[in-house]
Amino acid sequence: MRQALSKALLSGVAKPALFVTCLLPLAWLVYAAFTNQLGANPAEALIRGLGDWTLRGLWLTLAITPLRELTGLAALARLRRMLGVFTFAYASLHLLAYGWLDMGLDLAEIAVDIAKRPFILMGFAAWALMLPLAATSFNKAIKVLGAKRWQALHKAVYAVSVIALMHFIWMRAGKNDFAEPAVYGVILAVLLGWRIFKRLARKKPRLG
Amino acid sequence: MLIKTPPAHEPHPSEITPRHAYLNRRTALAGLGLAAASPLALAQPAPGGGKLAKLPGARSAAAGAVVLDKPTGYADATSYNNFYEFGTDKSDPAERAHTMKTRPWTVMVEGECAKPGRYDIDALLKLSAMEERIYRLRCVEGWSMVIPWVGYSLSELIKRAEPTGKAKFVEFTTLADRAQMPGLRSGVLDWPYVEALRMDEAMHPLALLTFGMYGEVLPNQNGAPVRVVLPWKYGFKSAKSIVKIRFVEKQPVSSWEQSAPQEYGFYSNVNPGVAHPRWSQASERRIGEDGLFAKKRPTLMFNGYEAQVGQLYAGMDLRRNF
């Protein structure tokens, strides 16, 4: 079973398949917008839909390492970069949809809005922090930076995930409705908690 | 009983797209910029859903009662609602409010008045002549609609109750029944939902005791069987599914004011100059009309009803009394 999975992950089909899969949510949102299936406020539905998929993409990206270690499927690592880059793409579309559909691309007004609404500031900060990660997501960047520095830089994804979660919680705070952010919060706690646990376990002195 | 079976070649009535549905689709497509607006979509008055009992009203003669803005499509007005008793998602009320029983229904009128009473909904429906009023509706969240409501001025009912000199405010209470309203299980707000007006606001002719919309009785998700509509205030001031109207001397604390006093004031008049602490109120998105890529339209002072209601707030600091 594991061998078959590993073989599939290593095959030439895995990455194109993931690429197409990652495009599906976007394809659905665009299709729904053009066929009037996004309800009474399609702009809001588009912005929120893109935000939801950014969070999901980010959580999936963070799930790769724990999954890889738990299942022993080392080949999973091949998919992480594409998931990360797609997450950044969805985050950028989310930001663009907000700036365009909600703010009419009025840069002055967007700047005021970012300063005025803490949850917008959080969202913007998360996107800005992803920018250097996306910009260094090719092999040559690793060589130029050196593997250690590159890895240190890409640890920023943990900060991005916490800020993105705060963005989501804050956005729902207006309605006192924390059911959905709580689900995302628990999953993130597991994903980050697993890493902390591993780290602590590694540091423990060995008893004879 | 005679049961008529249509011949096989005839489509079943349920298979025919209702007129409002295709009109609404065309409007939405036009909004997306994919098709030229159909002239049919501009036909007046806006068609209702056709499934609820008719409730016609004569075109109101009250000043400001009929705006010329194009009414929002019925499908949008009945599927995008804030009615937290049924959940906080705007699609929740349309999906869940069918569990609410609107018959029998009584409204208690009580407090500081000479003639308190227990009004059956059918008695309320006959209390005064029904009028159709086309009002703008501005939600505090930054979107707006235009709705043809059916009802009569709230003052008609208030006058009959003969409020005493001590009656300075009117408080409205919404039904809070866990068996019928799944949203009550959440602690989003303290239930029941309470809203209130100053007496002179409640007596203003534009304050509408509302029983219907689009020529039909109110759908449950829009506050059936009776609600108030206050077009110059943010939508949440217009309490839905009212079971109690109480005259009081002290200014009541409304539900949202209690939940977040720094964000929602007692007055909550539409005011583009006073931002919500977390967002600007200077502009709004008109549901179903403004295209996806259209810039939001400017919000008007008192939602465009300044000429009618402005004097109610003369001399008041609207920044402090937000």
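The points below take confidence, then each chain, then the contact between the chains.

1. This is a predicted model, in which local features need pLDDT of at least 70 and side-chain atom pairs count only at pLDDT 80 or more, while totals for chains, interfaces and linings use all residues. Residues are numbered from 1 along each chain as its sequence is written, with chains lettered from A and ligands numbered from 1 in the order in which they are written.

2. The model scores ipTM 0.78 and pTM 0.82. Where pLDDT is low, the predicted coordinates should not be read in detail.

3. Chain A has ten helices and zero strands, where helices (H or I, at least four residues) and strands (E, at least two) are DSSP runs numbered from the N terminus. Of the 208 residues of chain A, 25% count as buried, a residue being buried if 20 or more other C-beta atoms lie within 10 Å of its own, exposed if 12 or fewer, and partly exposed in between, with C-beta atoms placed from the backbone.

4. Helix α9 (residues 156-173) of chain A has end C-alpha atoms 26 Å apart, which agrees with the 26 Å that its 18 residues should span at 1.5 Å a residue (the expected span is 1.5 Å times one less than the number of residues). Its buried residues, among them A:Ile163, A:Leu165 and A:Phe168, pack against α3 (42-71), α6 (118-135) and α10 (179-203) of chain A.

5. In chain B, eleven of the eleven residues of strand β5 (residues 143-153) are buried, so the strand is largely enclosed by the rest of the structure. Eight bridges join β5(B) to strand β4 (residues 131-138) of chain B in an antiparallel arrangement, strands being paired if DSSP finds at least two bridges between them. Five bridges join β5(B) to strand β8 (residues 208-213) of chain B, again antiparallel, whereas the two bridges to strand β12 (residues 283-286) of chain B join strands that run parallel.

6. The contact between the chains takes 22 residues from chain B and 16 residues from chain A. On the side of chain B, the largest share, four residues, comes from helix α1 (residues 19-32) of chain B.

Terms used: Contact = placed C-beta atoms within 7 Å.
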